[in-house]
Amino acid sequence: MTPAWILDIFAAIMLVVAAVSAVRLLAARPWQRGAVVTDTDISHLLMGIAMAGMLASGLTTLPNGAWVAVFAVLAAWFGYRVLRDYQASGARSLAVGHCAPHLVHSAAMVYMFAAITTPSAGGGSGMGGMGGTSGMSTLHVPTLAFVFTLILVGYTIWDLDQLSSLRRGLVAAVAGPAGAFGSQVVSEPGGTGHDSTSARSGATAILDAPGIVVGCRIAMGVTMALMLVLML
Amino acid sequence: MTNVAVAGSRTAWRGRLGTEPVAARPSLDARRVLQLVLAAIWLLDGVLQYQAFMFTKGFNQMLAGTAGGNPAVIARPISWDATLIDHHMVLLNAIFATIQLLLGLGIAFRPTLRVALAASVLWSLGVWWLGEGLGGVLNGGASPLNGAPGAVIIYALLAVLLWPADRGVPAPFTAARAAGGHVARALWAVLWLSLAYFALTPDNRAPQGVNGMIAGMESGEPAWLQDLQKGAASLVAGQGLAASIVLAVALVLIAAGVYLPPRIARATLVLAIVVAAVIWVFAQALGGILATGATDVNSGPLLALLALAYWPPRAGLAAPVATPAVSEELAPSEGEA
């Protein structure tokens with residue numbers, strides 16, 4: 001059995017990702033007119049909570065069926081986005097676009113929650129015994145888990161390579177909201193040109209840096225690959 | 001990244017790909033792509049090392065078992081290492097897994113590329129000795145089918161050949177950019193000729209040698225993979241000598257291929273990739289990953305990756321010589337040592 005404390009560390013990382021995503025969502029002030037909320041943040045928030053619930057045996061979230069529904073909707077949304085990107089940019093969108101990895105993440109989550117076999121069947125959330133002592137959860141169709149693992153690892157590595165070039169952007173964001181990436185929040189569709197970042201604190205500017213989003217996705221990819229391998 | 005724009009009761013969805021800082025991204029060359037694949041394999045290895053099996057006595061016994069048949073000078077440190085791990089199983093295995101995870105992430109992250117590649121060489125050499133018993137090279141257990149000369153030593157070889165440096169002259173293939181054509185070819189020949197030799201050792205050419213090795217990997221695999229392996233095993237049942245000779249001839253051809261004109265070299269490299277794929281699927285059962293308990297992907301994917309590093313570019317397109325302006329690895333702004 002993989003020690004529970006190791007799984008708890010990964011669960012904590014997922015909760016940090018969820019917290020960062022929640023702060024980013026709140027910083028976007030969705031209750032105001034023209035607020036811009038990123039679907040990747042919504043996705044990271046939900047996945048962070050769901051994965052933490054799977055990893056930490058003491059953490060109870062939603063029933064597996066509910067998570068399947070949630071991530072099926074996300075997968076459908078990102079599938080639609082990938083299709084649109086593909087029509088606009090061709091196959092290149094699968095490599096440089098942001099939606100393809102999120103589609104894979106969402107699909108992997110659907111698979112994990114749908115294919116899990118928990119030794120101590122309880123109808124609760126997540127893997128149940130994965131981090132506990134009642135036995136190991138496994139997945140139906142392990143070959144699919146292997147395929148998902150390979151794709152997740154591939155996207156993680158690709159993200160890291162791309163993050164290398166975004167590093168300067170992160171530094172610029174740390175330096176202040178006037179940095180190259182500190183003012184990237186998109187203005188509202190009406191075109192008022194209002195740039196909400198100008199009034200934001202340095203901390204919020206850091207959270208707005210693309211490196212943060214990509215970093216969250218890398219953490220998520222590694223953890224998801226780990227979970228799939230542990231349940232082979 | 002996609003945005004949801006919430007405006008009162010209106011909700012609009014749109015993308016903002018156009019605002020991504022793509023202009024700052026350095027381009028990928030063939031060597032960088034190969035480095036990323038190596039990084040992915042390290043990352044996968046790290047994840048595999050977190051499996052439940054690695055925290056059991058079974059992992060320790062697997063390590064201790066590699067000492068058998070080796071000279072005392074090799075075997076004694078292996079036994080010492082196995083004992084040490086036995087006493088601190090959870091902590092040490094967690095460290096091992098994390099190191100491999102970090103090696104993968106470090107190679108993928110350009111600023112830490114050199115450090116990670118150098119560390120991967122040291123780690124690979126240590127694991128080759130203390131974890132794989134030198135891949136069975138000295139105890140007669142090595143076979144191209146079971147991962148000889150030790151999958152992990154191929155990681156080290158790849159790290160050296162994909163090192164982000166250039167010798168200032170156009171290289172005939174990617175692997176020659178840092179090490180030079182002569183050294184790179186010699187390393188290739190030594191590796192594949194050694195595999196040919198191992199294919200013909202008495203144990204491996206015994207009538208049921210190849211059959212037994214394939215059949216031994218079936219346990220715990222999914223049905224479709226078991227079926228493939230059963231088919232392969234029955235094909236070579238009692239044909240160990242013939243199968244070994246065919247394999248050895250192919251391996252010698254591959255070894256000689258890099259010394260031949262580019263067109264023939266490409267053909268032998270394709271043969272190398274096919275042989276690596278066949279070995280990985282049929283003899284190594286995809287590294288045994290689906291049966292759980294695998295510590296790495298085994299040698300198949302690494303041999304294929306190595307073959308790609310020797311792929312000669314099209315006529316007139318020698319592997320590029322890096323300059324600070326175009327080499328992402330050497331760019332001072334990336335903060336490498």
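1. Leaving aside neighbours within four places in sequence, B:A97 is in contact with B:G46, B:Q49 and B:Y50; contact means C-beta atoms, placed from the backbone, within 7 Å. B:A97 sits in helix α4 (residues 89–108) of chain B. Helices (H or I, at least four residues) and strands (E, at least two) are DSSP runs, numbered from the N terminus. B:A97 counts as buried because it has 23 C-beta neighbours inside 10 Å. The cut-offs on other C-beta atoms within 10 Å are 20 or more for buried, 12 or fewer for exposed, and in between for partly exposed, with C-beta atoms placed from the backbone. B:M54 is 43 residues from B:A97 in sequence, yet 9.5 Å away, C-alpha to C-alpha.

2. This is a predicted model, in which local features need pLDDT of at least 70, side-chain atom pairs count only at pLDDT 80 or more, and totals for chains, interfaces and linings use all residues. Residues are numbered from 1 along each chain as its sequence is written, while chains are lettered from A and ligands numbered from 1 in the order in which they are written.

3. Chain B has 14 helices and 2 strands. Of its 337 residues, 49% count as buried. Among contacts in chain B with a separation of 6 or more, 70% join residues 24 or more positions apart.

4. In chain B, helix α1 (residues 30–49) packs against helix α14 (residues 299–309) at about 170 degrees, axes 10 Å apart. Axes are lines fitted to C-alpha atoms, for helices over the stretch in contact; angles run from 0 to 180 degrees between N-to-C directions. The two helices are therefore roughly antiparallel (angle over 145 degrees). α1(B) contributes B:L34, B:V37, B:L38 and B:I41; α14(B) contributes B:P301, B:L302, B:L305, B:L308 and B:A309. These divide into 9 nonpolar, no polar and no charged. Nonpolar covers Ala, Val, Leu, Ile, Met, Phe, Trp, Tyr, Cys and Pro; charged covers Asp, Glu, Lys and Arg; the others, Gly among them, are polar.

5. The peptide bond from B:A148 to B:P149 is cis, omega near 0 degrees. B:P149 lies in the loop between α5 (113–130) and α6 (151–161) of chain B. B:T292, not a glycine, has a positive phi of about 60 degrees. B:T292 is in the loop between α13 (262–283) and α14 of chain B, and is partly exposed, with 18 other C-beta atoms within 10 Å. A:V141 also has a positive phi, near 50 degrees. Its loop runs between β3 (138–139) and α6 (142–175) of chain A.

How values were computed:
Two residues are in contact if their C-beta atoms, placed from the backbone, lie within 7 Å. Angles under 35 degrees count as roughly parallel, over 145 as roughly antiparallel, 65 to 115 as roughly perpendicular and the rest as oblique.
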